[in-house]
Structures are given as C-alpha cells and as structure tokens.
Amino acid sequence: MIVMKYKIISLAAVLGMLLMLLFLNRSGGTGLERVHQHLEWPKQSEESTVTAEPEELVTHLPIVEIDTDGQKIPGNWIKDEMGNTIDTELSETGEETILASIKIIDSGTSENRPGQDAAVETLARFRIRGNSSRNFTKKSYMLKLVEEDGAENPQEIMGMSEHDQWALYGPFLDKTLMRNYMWMNLSAEIMGYAPNVRYCEVILDGEYQGLYIMMELIARGEGRVNLNAYEEGKNYTDYIVRVDSANGDIRDLNTFTTYTLRTELMAVLSVVYPGNQRLNEEICSYIEKDFSRFEKALYSSDYTDPFRGYRRYIDVDSFVDYYILQEFLVNNDMCSRSTYLYKDRLNKIHMGPVWDYNNVLDNYIALDLDTSEFFFTDRLWFDRLLSDPYFNKKVISRYKQLRNTVLNEEYLMKYIDETVEYLGDSVDRNFEVWGYSFDAEQLKAEERLRPLDRNPTSFEEAINEMKEFIQERGEWMDNHIDALAQYCHESKAKIYDNR
C-alpha cells in the first residue's frame, strides 16, 4: 500500500509538471495568453450559408470588404521571356500602392453579413504582397492603414494589438488552409511571440475572394516586437533584420557571413527596422558591426567558450526553439528566406519571430522532402551552433520536453480536427471559388507541387496528408533525436579550426 501511495504521488507530480510546462509554453513564458481563434471565438450558427454570393453570405468569421474604386492593384511580378522576375507592376499612376477603402465587419457573434456596421473602417495603402505567392491566382495583400492626409492610422483589428501594418494572406498552395494559422499559434506557445493570426473572409470590389488570414506583420511595436523606437541623431539603435532574397524595399547589410560567403545562394541579411526613411550609413554600420560580433565569435576557434564565444551575444534558447520548429516542420526556407532576428541594444540577439509557414510539412513546391533525416544541420549559423556540445544538448533536451507538450502528437491531431470543425462552411465557400485548384492540370507550373502526384485532390486529402507527415516526422525524430549529437563530435569543428 505504501509503495502504491508513493507511485500515485509521483504520477501526480509528473502530471503537474507537464501541465505547468504546457501552460508556460502556451503563454511563451511572457504572461500573455495566446488567442486561438478556433477555440475562443463564436462558432458557426444554423444561419450560416454555403453560397459565395456576397448578398447572401452569413458567416461566423469576420468579413473584410475592400473597395479599390476600380483601380489596378499593383504588385504583380513582371517577367521576361524566359520567365525570370525582373520587376513589379506599379499602379496606373506609377505608384507601388493604391489608396483603398477597408471595412471590417466583426460583430462578435456567429452571424456576420456584408453591409453590417463595421468594427473598423479606414483608408489603406494597398498592394499585392509575397514572394512565390505573387505567382498565385489567389493573391495575398499588404495593408498600411492611413488617414485621409496619408498619416498612419493604427487600428486594433480582430482583437489584435493596434498597428497600421497588416498582411492579408490568402492560402492557395496550402490546400489545408491552416499551415500559417496553426503554426504561427503553436510557434508563439513555444517561442513567446509569433505574429497573431485571425481567419476572415474577403470581398474585393464586390466579388467574394474566399478564406483569408489576417496576420500581424513583423514590425516594431507594443504587442509585436517590443523594441525601443529609433531616436533621431543617435548612432545606435534597436533593430530587426531579415534573411531573404535581395529586396530593393529594404537595405541589405554586409556582415561577416556575407563577405565570407557563408550565406545560402541569393540570400542576404537586410534591415527591417529602422525603415529606409530613418536609416543612414552610420546606423547601417552600427548594425553590421554589432551583428558581425556575434558571427565572428560563432565562427572563431573560441566559439564554445561561454565568455569569448557566441553565447555572449545571442539568446541561445530562442535559437534552440527556432531550430527545433524548422526541423520538425521541414521548413526549407530556414535561414535562406523569411528568417527574422531582432535585438534590443541592451540585450542579446533574439532568433525570430517566425514567418511564412506556407511551405512546411511537405508543401514546398520544388522538392519532395521526406520525414527521415535532419535537413538543416548545415544551414547558416546552425552548422556551427550544432557542433557545440552545449547547444546540441539543449536542442535534444528541449525537443523531448516539447514532444510532451506543444509538439505532442495527440495535441497536434486534435488541434487540426478542431480547426477544421471551426472553419465549417467557410471551407466550402472558399473552394466554390478556388475548387478548380484541386485539379493540378488546371494550375500554372508555379502554382502546383512537383511532381504532379504530390498535389491533393480534395480538402480532406490535404488534411490527411498533413496529419500523416506530422506523425511520420515526429516518430522519426523521436527515434533519432539523440543521434543529433554526432554533429558536435570534435571532427565537426575541425573544418573551421584547421582552416
């Protein structure tokens, strides 16, 4: 009886610890509870309609009505005869954006209808956004909310923190409609912050466009990346940087890994904050030198030293969590595209926030990435980080912890099922417009997975394929995570130390 008593006490203690871990991960350790729309918002009512006709639409999701007054929406790619992107289309007046009217109908009930009183009504600078997604027929958009005089007009949208910059993402390649929704939310549980997301339905110039996700853009601000504002005249600043392909909209940097040619092909590190209007050569030089201190320490022979090595310069846990997420999801964009880092000048470099999960879980257009290997042990920064036993052990330990909480298979399967149930008729409405996309033969080459048999032929098939990939990937990583230690064998470091 005594033995049984202690077994029960031990079991209760373990369960209590797991619940505590789950809570800490749900709040990201910040004390701020993440809003999961499908769990907390009004569910579909009996009044819901399946038709995509705007005048008959009744939905439990917020409705975003956009009126461009017939203007051409800029932002599409311009391509040469070989299909290479050479520029982006401008508006009819030669501008990168147009001025549009935005109404957001969000009654807080299960019955939102076009034409109801708007929760938010504003003007916005408006354009097509994205990288590969600009090739898709279903477009994604950038919104910068403005006053009539052009001044910024920050607004709280769908319960998300007040800001003037937003992304309206239209899932098209992702036939599950949920990769960005699900994994932004779960990444926030793990890392403390990821852009907040809300499902909505879009009507553009009177035409129903389907299911969309309103997303916070990665930007400085309260409730987003909470950095100090740049002070004019100072020769230092808090900053956000991004690894991506070269982009004329933001300033590219020449840090240590750039001029030593360690970055992925065509990838560059660029400044996101402060923006171009505030950037000058002095500030760019400050960011380059500051970031290069981390990179030089990382690729030095003293890199494992806690004082002379990389640990002096980075928030190690954020790099650990980021690596686990990207490896678990098989995100081929890791450290080559859509990769963000930020730094409060009084603290260390922080990895993240994460961005763009459209391609994860075997949804990358050009490659069929299976579940049975470590894909990213040689990516920028992580090739060296994983060769340090200290970092490597933290990854292995943290992975095992997360598989008992946020990355637990039962939890993930339930999350998917609950999201599908929540979306309800909005899935049918979306595919009333975009259902042809289940026939890969009807899609442009840049709109479909290769080879053709990778493309799902129904929503249900897409969901099942994603579930199977998660299950197989989780099982493989569970069985092989300890083998990650091979990457911190002393022979791994020699490629740098013996140069």
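Helix α3 passes helix α9 in a right-handed crossing; a crossing counts as right-handed if the near helix is turned clockwise from the far one by less than a right angle, and as left-handed if anticlockwise. The model is predicted, so local features need pLDDT of at least 70 and side-chain atom pairs count only at pLDDT 80 or more, while totals for chains, interfaces and linings use all residues. Residues are numbered from 1 along each chain as its sequence is written, and side-chain values use heavy atoms, with hydrogens and water left out. Helices (H or I, at least four residues) and strands (E, at least two) are DSSP runs numbered from the N terminus.

**α3 against α9**

- Helix α3 covers residues 179-191 and helix α9 covers residues 409-423; they pack at about 135°, with their axes 11 Å apart. Axes here are lines fitted to C-alpha atoms, for helices over the stretch in contact, and angles run from 0 to 180 degrees between N-to-C directions.
- That angle makes α3 and α9 oblique to each other. The scale calls angles under 35 degrees roughly parallel, over 145 roughly antiparallel, 65 to 115 roughly perpendicular and the rest oblique.
- On the α3 side, Y181, M182, W183, N185, L186 and E189 meet Y411, L412, Y415, I416 and T419 of α9, where contact means heavy atoms within 4.5 Å.
- By class, this contact has eight nonpolar, two polar and one charged residues. Ala, Val, Leu, Ile, Met, Phe, Trp, Tyr, Cys and Pro count as nonpolar, Asp, Glu, Lys and Arg as charged, and the others, Gly among them, as polar.

**α9 against α11**

- Helix α9 also meets helix α11 (residues 459-480): their axes come within 10 Å and cross at roughly 165°.
- The two helices are therefore roughly antiparallel, and their crossing is right-handed.
- E409, L412, M413, I416, D417 and V420 of α9 touch F459, I463, M466, K467, I470 and Q471 of α11. These residues divide into eight nonpolar, one polar and three charged.

**Helix α8**

- Helix α8 (residues 389-402) has 14 residues and should span 20 Å at 1.5 Å a residue; its end C-alpha atoms are 20 Å apart, which agrees. The expected span is 1.5 Å times one less than the number of residues.
- Among the buried residues of α8 are F391, V395, I396 and Y399. Buried means under 20% relative accessible area, exposed over 50% and partly exposed in between, with a 1.4 Å probe and protein chains only.

**Backbone points worth a look**

- Most residues other than glycine have a negative phi, and most peptide bonds are trans.
- The Y273 to P274 peptide bond is cis, with omega near 0°; P274 lies in the loop between β14 (267-273) and α5 (281-298).
- R450 and P451 are also joined by a cis peptide bond, with omega about -5°, and P451 sits in the loop between α10 (425-434) and α11.
- C335 is not a glycine, yet its phi is positive at about 60°. C335 is in the loop between α6 (316-329) and β15 (339-343) and counts as buried at 0% relative accessibility.
- L361 has a positive phi near 55°. L361 lies in the loop between β16 (350-351) and α7 (382-385) and is buried, with a relative accessible area of 1%.

**Around E147**

- E147 lies in the loop between β6 (140-146) and β7 (155-157) and is partly exposed, at 38% relative accessible area.
- Leaving aside residues up to four places away in sequence, E147 touches L123, E152 and N153.
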